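Here is a short report on one protein model. Look at the structure first, then read on.

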Amino acid sequence: MSGAQDQVLTSVQPDEQESTHSVEYVYSRYRDRISRYFSMKLDAASADDLAQQVFMKAASNMHRFKGNAHIFTWVFKIAQNTLKNEYRRLARQHETPLDFTQLESQSISLEFTKYVDFRIDIGAALKKLSEKDQEIIALRFFADCTLPEIANLVSMRESAVKNRLYRALAKLKNELNGWGSMANMSMEQFISIVNKGNSEYSDDQLKKANHDLFTELDAHVERLAVKYHYQPSRKVIIEMYSDLPTFHQAVGEKDAPNWFTGTYQDEILKIVSPLNPGPEHTYESIIKGTVHLFAMWLIEEINPKVPKWIKQGVGGYEAKLMTPEYIQSSIKETVRNHAIPTFAQLQDDTWDFETRKGFQFSYLFVEFVLETYGIEAMNQLIRDPQHVERILNCSEAALHQQIVDSLQN
């Protein structure tokens, strides 16, 4: 949801205007908002370039600002004129600027549990609004404009802007009425903006993918919170990216292997769309893989220093993404060659983790602890992994040997 507050703009006292209207102040205060506005219409690089141009123009013309309007309104008018000039330039070159509903995916926040904020793509629904309504929504939720600011920018009364905004949101809500609990949401909760890339799939396909992911998570998140005795202090957010290259770029791993389809950063779970999972995954594996990610996130929330084998193992064990047959066949040679990794080796944070069958062995290590010592012992290990002997009455080396013996028998 936007951080903007719908309040009347306060006036600036004469002795405050010099600092408030300085180039440095205006740039630091409004650069992100102007850049986000451009990102609706153009690619990221062009949006950044145009934002720089706006503030260069603002700097060279600051002496002309008379204080008759809010400073952001003045800067935004420069941005609008800069965008018009860019469109003219593109037209002369026979290039077509992108419409913002094609370039960036909008989303709504659908809070279906206490622990997950699931963001649903509404880019297609936005296309059904008028250009003026799209502009008002964009100013409110992209550029964080207040209602008085929007009224100035679109030359409408504030009451008219408010009515138009709420009618537009209601129309979006009707377009997405397949989501039952959404009807109980207030308008203030309705929109969140997430850049997730383009999608070539139909509304029905996207709705099905969202529904399947929703259903899978709904079946597990409450259970996991209870099982591992933890009430998260913040919600996890689910973001879907349209394809592997878009996902890899978004998480800063553009050269990542094809099996890498999901990760989390802070409270945001980022996944590739199950509709386009790449060559090494399927629709179903992406859906189940999100449960894996949520379980990992939950364990790390409990203890940020938990060993990787516990975190990955709990994720794999709870998601049941890998079948027992697949696990056994994939590790057979490693077990036969007496090359079962140690706990320390499973701490590997490189792509070699997959090569050394880290996902499979983490799963098996966690499974062994759960089946041999029980869930309460696992909960203690998660919270206090340095005291294996006190919790399990055996050393870490002895625990590893027990696991090795069980795998080799």
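## Ground rules and overall picture

A residue is buried when its relative accessible area is under 20%, exposed when over 50%, and partly exposed in between (1.4 Å probe, protein chains only). Buried residues make up 51% of the 409 residues in this protein. The model is predicted, so local features need pLDDT of at least 70 and side-chain atom pairs count only at pLDDT 80 or more, while totals for chains, interfaces and linings use all residues. Residues are numbered from 1 along each chain as its sequence is written, and side-chain values use heavy atoms, leaving out hydrogens and water.

The protein has 20 helices and six strands. Both are DSSP runs, numbered from the N terminus: helices are H or I with at least four residues, strands are E with at least two. Contact means heavy atoms within 4.5 Å. Among contacts between residues at least 6 apart in sequence, 70% join residues at least 24 apart.

## The cores

A nonpolar core is a set of buried Ala, Val, Leu, Ile, Met, Phe, Trp, Tyr and Cys residues joined through side-chain atoms within 4.5 Å. The largest one here has 70 residues. Tyr228, Ile310, Phe361, Phe365 and Leu399 touch the most other members. Helix α13 (residues 283–302) gives the most to this core: 12 residues. Another core, of 37 residues, lies apart from it and includes Leu50, Phe72, Leu165 and Ala168.

## Helix α13

Of the 20 residues in α13, 17 are buried.

## Helix α17 and its partners

Helix α17 (residues 358–373) packs against helix α20 (residues 396–408) at about 100 degrees, with axes 10 Å apart. Axes are lines fitted to C-alpha atoms, for helices over the stretch in contact, and angles run from 0 to 180 degrees between N-to-C directions. So α17 is roughly perpendicular to α20; that label covers 65 to 115 degrees, with under 35 roughly parallel, over 145 roughly antiparallel and the rest oblique. Phe361 and Phe365 of α17 are among the contact residues, as are Leu399 and Ile403 of α20.

Helix α15 (residues 324–336) also packs with α17, at about 105 degrees and with axes 10 Å apart. This pair is roughly perpendicular too.
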